[in-house]
Amino acid sequence: MVAKMILPLLGGSPSVWNTCQLFFQAALLLGYGYSHLTTSWWGTRRQAAIHTLVLLLPIAFLPITTAKGWLPPHEANPIPWLLGLLVISVGLPFFVISTSAPLVQKWFADTNSPASRDPYFLYTASNIGSILGLLFYPALIEPNFSLTRQSWLWSISYGLLVLLIIGCAVCLWRSPIKGKSEDKELRGDKSPSLQEQNSSFPPTIQQKSQWVLLSFIPSSLLLGVTTYITTDIAAIPLLWAVPLAIYLFTFILAFSRKPLLPRSSLAGFLPLLLTALIVLSLLKVMQPVWVLLPLHLLGFFIAASVFHGELAQNRPSADYLTSFYFWLGVGGVLGGLFNAIAAPLLFPSVLEYPLMMLLSIVLVRTPSPDLEESSIFNLKKTLPISIGILLGSLLVGMQFRTFNNNLLGSIFALGILIAIRYAFKLNPIRFGVGIASIVLLSLFYIPSMGRLLDTERNFFGINRVLYDRRGNYHTLLHGTTVHGKQSLDPQRRTEPLTYFYPSGPIGQVFKSFNNSQRLSNVAVMGLGIGTLAAYSEPGQQWTFYEIDPTVEKLARDSRYFTFLQDSKAAVSVVLGDARLRLMDVPENSYDALVMDAFSSDSIPVHLVTREAIQLYLSKLKKQGLLIINISNRYINLEPVLGALARNLGLSTLRQLELDVSASEKEMGKSASHWVLLARDRSDFANLINDPRWQPIPENLDAPLWTDDFSNIFGVLRALK
């Protein structure tokens, strides 16, 4: 709910979701720390009395809303701003809620219930609640309630939670005091529990280090696989929630009372699967999606199941329950910090994801040697095969070059491996293989898309400038999607390519309107490399809106692209989210507004809501034209825009150009899909007589997005 409130302020970047997850992991750690310290200092009964007062503090901050007047910085890194906004908006309520799982378990452990020896099954219940919340939100809550109503419903639910926790505290107070040396016969069971078998002594530093690392690896993999699949494979915001659901589900399986998965077989299969995924991710293999997406999610599920299973197996006695959860929280936060903060600074690409898969291979252990021998996948056999394949692939694909941007990243990764060596006492061979693999990962590069000229990574994603080896071109890629291409041939230097080719839909639009001299002031949402400036004419004013400062930097770098400096019209670039920056523009300013904003291959959905379209119309002159590029691989927004146009009483034209000849492709043309919106059909001028342009059919069944985000199941219905 909170991420949905914030997303329209920062576009559709996966970093918004990752930063939100980092914040909630940090708040969870604070809650676990509070639970550990207060129960250690005051005892459970006194702590329960004090906690009932703490539960009342968030009421002053309800209902939950984002802080008013907080707008993201236009040029600085927005992560500190986003974390600050989350602290002010939801910090205290979530902190108090985050204390619930360890506190209730600790209270329960101090009762005389027969099940109190092993209260960790309540962690399974806690994660079942979490996964139900995650699944019910898009299925029931988000489609049927506005954000305001959601916030009030959440406030009412919080009040119910307070009553339930106070009820638990009352049960604790009424329960007889139980000492640590209580006779087990009073509980009707003489057999020691799993954690009592593990240790009745305080956990050692090495045990705590293991807890941290066993929770760190899945936490980092969670954010790594989320960034990878939503940037390089399928840039669909809905997919952000899928890895989190898998992550929670593995906790449910790991902490259940009876083992539900063959952990030994999973541990034996894990190296082979992760080796394949490492090679596929480094080779930038993106098709077929229906195979790659489940494969990456399966790899994450097995890895998280193995490490969470080992974490549950090594849990301490109930006396040290809160300490266990605290160190588990430390590992989760370190995973979030590594992926959301450190990795964008250390690595020019999403190298943290294959790196964590590599460390998972080095770290994986079979739960029991006896089980290993009887399992289908024997770790003693699969691990050497996996390491051999991985090292061979890295050696073949590697190019010898200096560490460059990866030096700090390699040092950081080696530091992680050394920590693992200490905590798990890895044998020297595994440790050496891990170091060799990290070095090869830092040198690995296969120029499948061309020669890499520059890589820039920031909050909004990864931008690469390539020299296209198939032609004399410079290309800008965001993630794995082309965001612009320019010919280095002096005769073709000003020729717009890819989706903007002169014979394509957008070329037809500008040819028609430039000839009729209808355009004097043009706005473009999304800069790319500034290709559309090639259609500018003397005397016009062009304004580009761009959320990513790195994109402007690359577009203005004459070593790579020159569309902006070659423009025939005056050109300006306004940094920041286009929807927010357009609010400052006087009404009736533009003759045409082109929406060409993408995050990798995904159109930020907050830019195509009814409110957004109404905003754009208010900035257009009476006969102004709204031009929308909806070219992408996965989602067809044409029926959505058709429904919005009917709702707002607008006229539409659309053109989907898929038939691009081999000669046109060689010249740099790409297939594209464009939609035009206007107040009146006559505003389309000569285009209404062009048979290539047709109105959007009215019989298309499509969702109507009416709030500041999208109906998440409406996106599914709009899938091609």
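Guide: Happy to. One term before we start: helices (H or I, at least four residues) and strands (E, at least two) are DSSP runs, numbered from the N terminus. With that numbering, A685 is found in the loop between β11 and α25 (712-717). Please keep in mind that this is a predicted model.

Visitor: Okay, what is phi of A685 near?

Guide: Phi of A685 is near 55°, which is a positive value in a residue other than glycine.

Visitor: And how does A685 count in terms of accessibility?

Guide: A685 counts as partly exposed, because its relative accessibility is 23% and that class lies between under 20% for buried and over 50% for exposed.

Visitor: Which other residue other than glycine has a positive phi, near 55°?

Guide: T498 has one, with phi near 55°. T498 sits in the loop between β4 and α19 (505-515).

Visitor: Is T498 buried or exposed?

Guide: T498 counts as buried, because its relative accessibility is 3%.

Visitor: Let's zoom out. How many helices and strands are in the chain?

Guide: The chain has 25 helices and 11 strands. Of its 720 residues, 59% are buried. The accessible surface comes to about 29500 Å², and carbon and sulfur atoms account for 62% of that.

Visitor: What share of the contacts comes from residues 24 or more positions apart?

Guide: Among contacts with a separation of 6 or more, 78% are between residues 24 or more positions apart.

Visitor: Now the strands. What does β1 pair with?

Guide: Strand β1 (residues 451-458) is joined to β2 by seven bridges, and the two run antiparallel. A hairpin of two residues links β1 to β2. In that pairing, L452 has L466 of β2 as its bridge partner.

Visitor: And how do β2 and β3 pair?

Guide: β2 and strand β3 (residues 473-478) pair in the antiparallel sense too, over six bridges. Here the hairpin runs through four residues, and D468 stands opposite Y473 in β3.

Visitor: How much of β2 is buried?

Guide: Seven of the eight residues of β2 (residues 461-468) are buried, so the strand is largely enclosed by the rest of the structure.

Visitor: What is the strand order in the open sheet of seven strands?

Guide: The order is β7-β6-β5-β8-β9-β11-β10, with mixed pairing. β7 (570-575) and β10 (651-657) stand at the edges with a single partner strand each, so one side of each has no neighbour in the sheet. On average, neighbouring strands are turned by 15° against each other, direction ignored.

Visitor: Which way do β5 and β6 run?

Guide: Strand β5 (residues 521-525) and strand β6 (residues 541-546) run parallel and are joined by five bridges. A523 has T543 as its bridge partner in β6.

Visitor: Which helices pack on the sheet?

Guide: Helix α22 (residues 610-619) is one of them, touching β5, β8 (590-595), β9 (620-629) and β11 (672-678), and its direction makes about 135° with that of β9. Helix α23 (residues 638-648) also packs on the sheet, touching β9, β10 and β11, and its direction makes about 5° with that of β11.

Visitor: Switching to the helices. How do the axes of α4 and α5 cross?

Guide: The axes of α4 and helix α5 (residues 100-109) cross at roughly 30° and come within 5 Å. The two helices are therefore roughly parallel to each other. The contact is made by V96, I97 and S98 of α4 with S100, A101 and P102 of α5. By class, that contact has four nonpolar, two polar and no charged residues.

Visitor: Where is P80, and is P80 buried or exposed?

Guide: P80 lies in helix α4 (residues 79-98). P80 counts as exposed, because its relative accessibility is 57%. Its C-alpha atom is separated by 9.6 Å from that of T19, which is 61 residues apart along the chain.

Visitor: Last one: which peptide bond is cis, with omega near -5°?

Guide: The peptide bond from L62 to P63 is cis, with omega near -5°. P63 lies in the loop between α3 (44-54) and α4.

Notes: Residues numbered from 1 in each chain as written. Predicted model: local features only at pLDDT ≥ 70, side-chain atom pairs only at ≥ 80, totals over all residues. Heavy atoms only, no water. Buried < 20%, exposed > 50% of the residue type's maximum accessible area, 1.4 Å probe, protein only. Axes fitted to C-alpha atoms, helices over the stretch in contact; angles between N-to-C directions. Parallel < 35°, antiparallel > 145°, perpendicular 65-115°, else oblique. Contact = heavy atoms within 4.5 Å. Nonpolar A, V, L, I, M, F, W, Y, C, P; charged D, E, K, R; others polar. Pairing = 2+ DSSP bridges. Areas by Shrake-Rupley, 256 points an atom, 1.4 Å probe, with all protein chains shown as cover.
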